[in-house]
Amino acid sequence: MRRRSKAVKRGRGRSGRRRVPLLELAHARSGDKGDTANVGLIALKPEYYPILVKQVTAARVARHFKGMVKGPVERFELPNLGALNFLLHGALDGGGTISLKTDAQGKVLSTALLRLEIELPR
Amino acid sequence: MTAQRASLSPTVRIAAGQGFWGDWLEAPYRQVTGGPIDYLMMDYLAEVTMSIMQKQKSRDPSLGYATDFVPLMERILPTLAERGIKVTANAGGVNPRACAEAVAAAARALGLAGKLKIGIVTGDDLLGRLDGLLARGHQLRNLDTGRPLRDVRDRVLSANAYLGAWPVVEALRRDADIVITGRVTDTGLTLAPMIHAFGWRPDDWDLLAAGTVAGHTIECGAQCSGGNCLVDWERIPDLANVGYPIVAAHPDGTFEITKHAGTGGRITVAGVTEQLVYEMGNPAEYITPDCVADFTTIRLAQAGKDRVRVSGVRGRPATDKLKVSIAYSYGYKAVGSLVYAWPDAYKKAKAADRVLRQRLKDLGLGFEAMLSEFVGADATHGPLALASAPLGELPEVQLRIGVRSPDRAAVERFTREIAPLILNGPPSVTGFAGGRPKPEQIVAYWPALVDKRMVEPCVEIVDV
């Protein structure tokens, strides 16, 4: 945890913008509802939540998962929990028992989202 | 002062014992022996579980429930009876009566005859009424695809409405010690003891929503107490001895998530938050048969070590629909795999995949879907991982290839095309010890809605 916040501070200290993986700002858990996967994204600190709201948009997440998600991406905000919830429709090759995927239930799409790069504000 | 207030505020402790059928067998035993609890809640029914049980019941009419539940109850029944701990479990699956009979037999063998009552909740099973419902204009459209059920009616294997907490409450009011249900919602199993203990009413929407949030938090067992927890995962202590969660609920709808002293794992705001967002749809509308809970109103606070306080939950009236879980025969699938070793493990696996696909094509086999994954490179994160993976240096890669088809024969032929690659495909291949993959029937899930008034829950009490 300490290591992560240091990385973020270093980013802020520079004059230019700095890109860090979302992994340094958030944690996540994912699961399934049929052929839709959900990824709950949670800010590691309250001050990171506005950064997530601004940069981790539904459109950006849809681009991130291009080729992996067939349908639209929806986003919901949970400011009370410092969290965003994403629904990735058509992400699971039919889902449940139909899917041929190793991750038929979308359990590790959580960390796949955390690969997204975030630009830290000045 | 604090002690005095605590004594005036009754608390009901509901412990999670199983998060799915196949969860840790030690957990329920530890929950009932590791400290004080009032209820043991066990959730056995994931969406795909009903279809598995349906398969088992079709082979043997005395099955179709979570068979693990019976020896597990045998082990803890004496403790339950001695400490007055009650059980709510949807272990009954598609055959709650058979499950209850098996538990009753186990209880009698333990000398508990006359000392226990078992509540059985049924009425969720709509299979025999499907044609009547369809004839009366209930289309049971697939919630994901919008297709009407009549498209697959002849392939339906089971249909169960999700019942809520109230039939479980009725069983508790009629003094059931162990309530065994069919398709009761995961959350209803936790909410029911609260309604029963605190006298909550059917239109106490905020309270029912609070109990629903409590149920959602513990329905996946240790997933809220340190299991599968990403945040700071390396420092979560003693997962070997992980404590399953306990809800300490209060009449005003607030509650704490905690676990027995001396157990491993960790209960923090961050970890509980991970579980709250698990399998979440629209967080403002968490719909259950009992209410609509608004997860954007939940307040969490760390109330001590391994203790998270939950408050502020708001709810809205329940809808007039129930969700129906329908299982139908979809077709067949098989998945085979081979492992390729360094050097060029990924290239070799890719080459093997091309050879296999060419052969399947030359055989004229058509599949609804064919999926190749390269475990070690792209199976979990797809192109996102490939972009940065050191593909030339991977020590090994597993080619994992699956097919799906309505035609069992095509899938069967596919299963015979994997092993030959060991001798007639790319080199450095191993990992075929498991033998030829078996074609597997796909029993798929069809979620739908039905008018609530079409479903009549039924509660029976049997004396052991």
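1. In this predicted model, chain B contains an open sheet of ten strands in the order 11-12-8-7-1-2-3-6-4-19, with mixed pairing. Strand 11 (299-304) and strand 19 (458-463) of chain B form the edges; each has a single partner strand, so one side of each lacks a neighbour in the sheet. From one strand to the next, the twist averages 20 degrees.

2. Within chain B, strand 3 (residues 86-89) and strand 6 (residues 178-181) run parallel and are joined by three bridges. B:Thr88 lies opposite B:Val179 of strand 6 of chain B.

3. Helix 7 (residues 166-173) and helix 8 (residues 186-198) of chain B pack with their axes 8 Å apart, at an angle of about 45 degrees. The two helices of chain B are therefore oblique to each other, and their crossing is right-handed. Helix 7 of chain B contributes B:Val168, B:Val169, B:Leu172 and B:Arg173 to the contact, while helix 8 of chain B contributes B:Gly188, B:Leu189, B:Ala192, B:Pro193, B:Ile195 and B:His196. By class, this contact comprises seven nonpolar, two polar and one charged residues.

4. The contact between the chains involves 45 residues from chain B and 33 residues from chain A. Among the elements of chain B that each supply at least two residues to the side touching chain A are helix 10 (269-276), strand 11, strand 14 (321-341) and strand 18 (440-451). Strand 18 of chain B provides the largest share of that side, five residues. The residues of chain B on this side divide into 25 nonpolar, ten polar and ten charged.

Note on methods
Residues are numbered from 1 along each chain as its sequence is written. Chains are lettered from A and ligands numbered from 1 in the order in which they are written. This is a predicted model: local features need pLDDT of at least 70, side-chain atom pairs count only at pLDDT 80 or more; totals for chains, interfaces and linings use all residues. Two strands pair if DSSP finds at least two bridges between them. Helices (H or I, at least four residues) and strands (E, at least two) are DSSP runs, numbered from the N terminus. Axes are lines fitted to C-alpha atoms, for helices over the stretch in contact, and angles run from 0 to 180 degrees between N-to-C directions. Two residues are in contact if their C-beta atoms, placed from the backbone, lie within 7 Å. Ala, Val, Leu, Ile, Met, Phe, Trp, Tyr, Cys and Pro count as nonpolar, Asp, Glu, Lys and Arg as charged, and the others, Gly among them, as polar. Angles under 35 degrees count as roughly parallel, over 145 as roughly antiparallel, 65 to 115 as roughly perpendicular and the rest as oblique. A crossing is left-handed if the near helix is turned anticlockwise from the far one by less than a right angle, and right-handed if clockwise.
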